[in-house]
Amino acid sequence: RGSVLLVRATVYEWEREESGESALGGIADKVKTETPLIGLLTKLLSPQGVKGQLTYQEFSRAIYDNVPTSFHIACENTEKRFGEMAGIRGCLYCLWVACFGAGILTDKEMSQACQKLRQNGDLAYFIELFEFQRDEGVKVQEKLREKPPAATQEDKIAAAVANLTEIMGGAEGLGAETEGDLFEIVRGAFPSSEEGVRRIVASQFKSS
């Protein structure tokens, strides 16, 4: 008897939260229909059944439980090059802010918070600050009865790259050896969009 290959595809909840039909549902269907004789386990991740906004701790646990070793190695590399806050805790903060701040805060507000975290180092303070700013932003939108376009997955990936760039000291200080590490870190939060992550990371290095 031939062995059956089981493919485990993790699709995070924040990857699915886009306007209109979920693009990732289509990806899963395509894998099911175009990959013969392969069992597909699609894990729609929502830690402890929580959907929507995750806390920093919930988000971090979700990433820790699912990323490959290459993610951790990349975070170790960036910490060695750019300092403690460019390590795994700071990188997770940058990803968390991008995933749950895009569409509510401006790109500038998010990247500036990451820049200040690098300088200040008080992660607990910036976690609370982001949650406050995000909640206030939602209240303003509700008060004005405005519903801005939902942040797309590409918006979130671009924000993640920008945030990480700031926590590493800015685009000018990024060497070519960091491109692969930045790709691995961002891909950890957006595993279903590998090519999109690769393209956006590459564009950051071309422009820097």
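Is Val 186 buried or exposed, and what is its relative accessible area? Val 186 is buried, with a relative accessible area of 0%; buried means under 20% relative accessible area, exposed over 50%, and partly exposed in between (1.4 Å probe, protein chains only). The views below come from a predicted model, in which local features need pLDDT of at least 70, side-chain atom pairs count only at pLDDT 80 or more, and totals for chains, interfaces and linings use all residues. Residues are numbered from 1 along each chain as its sequence is written, and side-chain values use heavy atoms, with hydrogens and water left out.

**View 1. Overview of the protein.** The protein contains ten helices and two strands, where helices (H or I, at least four residues) and strands (E, at least two) are DSSP runs numbered from the N terminus. Their order from the N terminus is β-α-α-β-α-α-α-α-α-α-α-α. Of its 208 residues, 43% count as buried. Among contacts (heavy atoms within 4.5 Å) with a separation of 6 or more, 75% are between residues 24 or more positions apart.

**View 2. The surroundings of Val 186.** Val 186 lies in helix α9, which covers residues 177-189. Leaving aside neighbours within four places in sequence, Val 186 is in contact with Leu 95, Ile 157, Ala 160, Val 161, Leu 164 and Val 197. Arg 198 is twelve residues from Val 186 in sequence, and their C-alpha atoms are 9.0 Å apart.

**View 3. The crossing of α4 and α5.** The axes of helix α4 (residues 69-82) and helix α5 (residues 88-101) come within 9 Å and cross at roughly 110°. Helix α4 is therefore roughly perpendicular to α5. Axes are lines fitted to C-alpha atoms, for helices over the stretch in contact, and angles run from 0 to 180 degrees between N-to-C directions; under 35 degrees counts as roughly parallel, over 145 as roughly antiparallel, 65 to 115 as roughly perpendicular and the rest as oblique. Phe 71, His 72, Cys 75 and Thr 78 of α4 make the contact with Ile 88, Cys 91, Leu 92 and Leu 95 of α5. Six of these residues are nonpolar, two are polar and none is charged (Ala, Val, Leu, Ile, Met, Phe, Trp, Tyr, Cys and Pro count as nonpolar, Asp, Glu, Lys and Arg as charged, and the others, Gly among them, as polar).

**View 4. The pairing of α5 and α7.** The axes of α5 and helix α7 (residues 123-143) come within 11 Å and cross at roughly 0°, so α5 is roughly parallel to α7. From α5, Arg 89, Tyr 93, Trp 96, Val 97, Phe 100 and Gly 101 meet Leu 123, Phe 126, Ile 127, Phe 130, Glu 131 and Arg 134 of α7. This contact has eight nonpolar, one polar and three charged residues.

**View 5. The two sides of α7.** The buried residues of α7 are Leu 123, Phe 126, Ile 127, Phe 130, Arg 134, Gly 137 and Gln 141. They cover an arc of only 110° around the axis, which puts them on the same side of α7; the arc is that of the directions from the helix axis to the C-beta atoms. Their cover includes α3 (56-66), α5 and α6 (107-120). On the other side of α7, Glu 128, Phe 132, Lys 139, Glu 142 and Lys 143 are exposed. After α7 comes Arg 145, with a positive phi near 55°.

**View 6. Ser 111 in α6.** Ser 111 has its place in helix α6 and counts as buried at 14% relative accessibility. Not counting residues up to four places away in sequence, Ser 111 touches Ala 162, Asn 163 and Glu 166.
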